[in-house]
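Subject: Structure handover

Hello,

Here is the structure for your files. My notes on what was found follow below it.

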Amino acid sequence: MNMIMMILSILFLLAVIVYLLYRTIDRAYDRQIAAYQNKLLKNQVDEVHNLYLTMRGWRHDYHNHMQSVKAYLAMDSLDEAKAYLDRLEQDLDDIDLLFHTGNINADAILNSKISLAVKRGIQVDYKATVPKELAVSDIDLCVVIGNLIDNAVEACEKVDPEHQFIRLYIGILRRQLYVSVTNATSEVVRKLDEEYITTKRGDHGHGLKRINNIVNKYDGYINRKNEPGVFVTEIMLPI
């Protein structure tokens, strides 16, 4: 009888220990998720702030241009006013968003993310064409593209400024949407599998998991390659 009671006590103690460990791990995970979401929010605020500064600059220039045109008109200098408007029209044609992929949602996420990367001094080469309609939802597409670029920027920030670069290509390959992001990195990883993703703590690890979950959701394809100084991610999704 005493032996049974002892075994039951041990089992009860083990159950309590397992429960406490679970609660501790669960809380730690919640803190990681909260920190990750806060980082995403900060990035979004930075992107909006960057676009706001650009729009404010356009507004300031607009008022200056209108004052110049009014001055010419007040002096009845119609030829000068027309010439000024012609030059302004040419300048406006030169001012353009970075991306016109054909997909509004892709344009939005790419313009915000890449413009911020350029503002941070990272050399970015890009080419992107995205169908207007996709089998992948707008939200999932933005999550994949956003996390890929966030991870690339994060990796570049750990490299000397003169060696920072991001190369982005999005297009149609074998009747699927092909996404390729190549970036500078100081990391060298020999084995790129689930263990690598799991051990990548913090924001980068969460981003990798979200990308993988979406690729798996659509039965897509993902390949990661790491060579000295370079990290490449290739993704294929149905269209």
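**Two loop residues**

Asp219 sits in the loop that joins α6 (203–217) to β4 (221–227). Helices (H or I, at least four residues) and strands (E, at least two) are DSSP runs, numbered from the N terminus. Please note that this is a predicted model: local features need pLDDT of at least 70, side-chain atom pairs count only at pLDDT 80 or more, and totals for chains, interfaces and linings use all residues. Residues are numbered from 1 along each chain as its sequence is written, and side-chain values use heavy atoms, with hydrogens and water left out.

Asp219 is not a glycine, yet its phi is positive, at about 55 degrees. Its relative accessible area is 69%, so Asp219 is exposed. For this term, buried means under 20% relative accessible area, exposed over 50%, and partly exposed in between (1.4 Å probe, protein chains only).

Asp76 belongs to the loop between α1 (2–74) and α2 (78–94). Asp76 also is not a glycine and has a positive phi, of about 60 degrees. With a relative accessible area of 64%, Asp76 is exposed.

**The chain as a whole**

The chain contains six helices and five strands. Along the sequence they follow the pattern α-α-α-β-α-β-β-α-α-β-β. The chain has 239 residues, of which 36% count as buried. Among contacts with a separation of 6 or more, 66% come from residues 24 or more positions apart; contact means heavy atoms within 4.5 Å.

**Helices α3 and α4**

How are α3 and α4 oriented to each other? Their axes come within 9 Å and cross at roughly 15 degrees, α4 being residues 138–156. Axes are lines fitted to C-alpha atoms, for helices over the stretch in contact, and angles run from 0 to 180 degrees between N-to-C directions. The two helices are therefore roughly parallel to each other (angles under 35 degrees count as roughly parallel, over 145 as roughly antiparallel, 65 to 115 as roughly perpendicular and the rest as oblique).

On the α3 side, the residues that meet α4 include Ile109, Leu110 and Ile114. Their partners in α4 include Leu141, Ile145 and Ile149. By class, this contact of α3 with α4 has 10 nonpolar, two polar and three charged residues. Ala, Val, Leu, Ile, Met, Phe, Trp, Tyr, Cys and Pro count as nonpolar, Asp, Glu, Lys and Arg as charged, and the others, Gly among them, as polar.

Asn111 is also found in α3 (residues 104–119). Asn111 has a relative accessible area of 10% and is buried. The side chain of Asn111 reaches the backbone oxygen of Asp107 at 2.8 Å.

Leu168 is part of strand β2 (residues 165–173) and counts as buried, at 6% relative accessibility. Leu168 and Lys127 are 41 residues apart in sequence, but C-alpha to C-alpha they are 6.4 Å apart in space.

Ser180 lies in strand β3 (residues 176–184). Is Ser180 buried or exposed? At 11% relative accessibility, Ser180 counts as buried. Leaving aside its neighbours within four places in sequence, Ser180 touches Arg167, Leu168 and Tyr169, as well as Val232, Thr233 and Glu234.

Regards

Conventions. Polar contact = N/O pair within 3.5 Å; in protein donor to acceptor, adjacent residues only side chain to side chain.
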